[in-house]
Amino acid sequence: MNKVFLVGRLAGDPEEKTTTTGTKMSKVSIAVQNSGAKKETYFFPCVAFQNSATFLNTYLHKGDMVAVDGKLTRREYTNEAGAKSSITEIIIDSINSIGGSNSKGKDDFAEKTPFKTSAVETNDSDNITDWTKQLEGQGE
């Protein structure tokens, strides 16, 4: 089973993109603090498609606390120096805004959004394939 669940803060504003076939996507890094004795923060690169991407780009901003449910994926690419490299990312299946100090637009969400809840789900594996092909040759 390939399943990831994270609770953390957006490390930056979502980066809105469109694939070559017109699919909406968004890239963002999520900062998660380790709760162990040694306090460390880990940054996880995440990618959202369609409704999840729209939600991210419209309502979430750097510093917002989110809960993400998704799956790990790994892709290879050739970097600018011509060397082969790889990156492991989380493909977001659903995302929830769970409040936080920087929730701009959160109050407007219930009134203005076409979605029924703050959890937005997508399960479109064709988008992942399209996105991977588009980003071949590109790094992070």
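**Terms and ground rules**

I set my burial terms before looking: buried is under 20% relative accessible area, exposed is over 50%, and partly exposed is in between, with a 1.4 Å probe and protein chains only. With that scale I looked up Lys 17, which counts as partly exposed because its relative accessibility is 24%.

The model is predicted, so I note that local features need pLDDT of at least 70, that side-chain atom pairs count only at pLDDT 80 or more, and that totals for chains, interfaces and linings use all residues. Residues are numbered from 1 along each chain as its sequence is written, and side-chain values use heavy atoms, with hydrogens and water left out.

**Entry 1: the chain as a whole**

I started with the elements. Helices (H or I, at least four residues) and strands (E, at least two) are DSSP runs, numbered from the N terminus. I find 3 helices and 7 strands in the chain. Their order from the N terminus is β-β-β-β-α-β-β-α-β-α.

Next I checked burial. The chain has 140 residues, and 39% of them are buried.

Then I looked at contacts, meaning heavy atoms within 4.5 Å. I took those between residues at least 6 apart in sequence; 64% of them join residues at least 24 apart.

For the surface I used accessible areas from the Shrake-Rupley method with a 1.4 Å probe; for residues, only the protein chains shown count as cover. The chain exposes about 8100 Å², and carbon and sulfur atoms supply 46% of that.

**Entry 2: strand pairing**

Two strands pair if DSSP finds at least two bridges between them. I went through the pairs that involve E1, E5 and E6.

- E5 (residues 65-78) and E6 are antiparallel and share 13 bridges. Glu 76 stands opposite Ser 86 in E6.
- E1 and E5 are antiparallel over 6 bridges. Here I find Arg 9 opposite Met 65 in E5.
- E1 also pairs with E3 (residues 24-33), antiparallel, over 2 bridges. Arg 9 faces Ala 31 in E3.
- E4 (residues 41-49) and E6 (residues 84-97) run parallel, joined by 2 bridges. Val 47 stands opposite Ile 91 in E6.

I then looked at the hairpin of E5 and E6. It has 5 residues between the strands, and Gly 82 takes a positive phi near 90 degrees there.

**Entry 3: a nonpolar patch**

I looked for patches. They are made of residues with over 30% relative accessible area and no salt bridge; like charges are joined within 9 Å, and nonpolar side chains (Val, Leu, Ile, Met, Phe, Trp, Tyr) within 5 Å. Phe 5, Val 7 and Ile 98 make a nonpolar one of about 290 Å². I located Val 7 in strand E1 (residues 4-10). Val 7 counts as partly exposed because its relative accessibility is 39%.

**Entry 4: salt bridges**

A salt bridge is a side-chain nitrogen of Lys or Arg within 4 Å of a carboxyl oxygen of Asp or Glu. I find 5 in the structure.

Lys 3 and Asp 69 form one of them, at 3.1 Å from N to O. Lys 3 lies in the segment before E1 and Asp 69 in strand E5, so this pair ties together parts that are 66 residues apart in sequence.

I also looked up Glu 15 with Lys 17, whose closest N and O atoms are 3.3 Å apart. Glu 15 is partly exposed at 39% relative accessibility.

Lys 38 and Glu 40 meet at 3.5 Å, N to O. Lys 38 is exposed at 59% relative accessibility, while Glu 40 is partly exposed at 27%.

**Entry 5: helix H1**

Which rings pair in this structure? My rule: rings of Phe, Tyr and Trp (its six-membered ring) pair if their centres lie within 6.5 Å; planes under 30 degrees apart count as stacked, over 60 as edge-to-face and the rest as tilted. The whole structure gives 1 aromatic pair. That pair is Phe 55 with Tyr 59, tilted, at 5.9 Å centre to centre and 40 degrees between the planes. Both residues lie in helix H1 (residues 50-59), 4 residues apart, about one turn of the helix. Both Phe 55 and Tyr 59 are buried.

I also checked backbone angles in H1. Most residues other than glycine have a negative phi. Gln 50 is not a glycine, yet its phi is positive, about 50 degrees. Gln 50 lies in helix H1 and is partly exposed at 31% relative accessibility.
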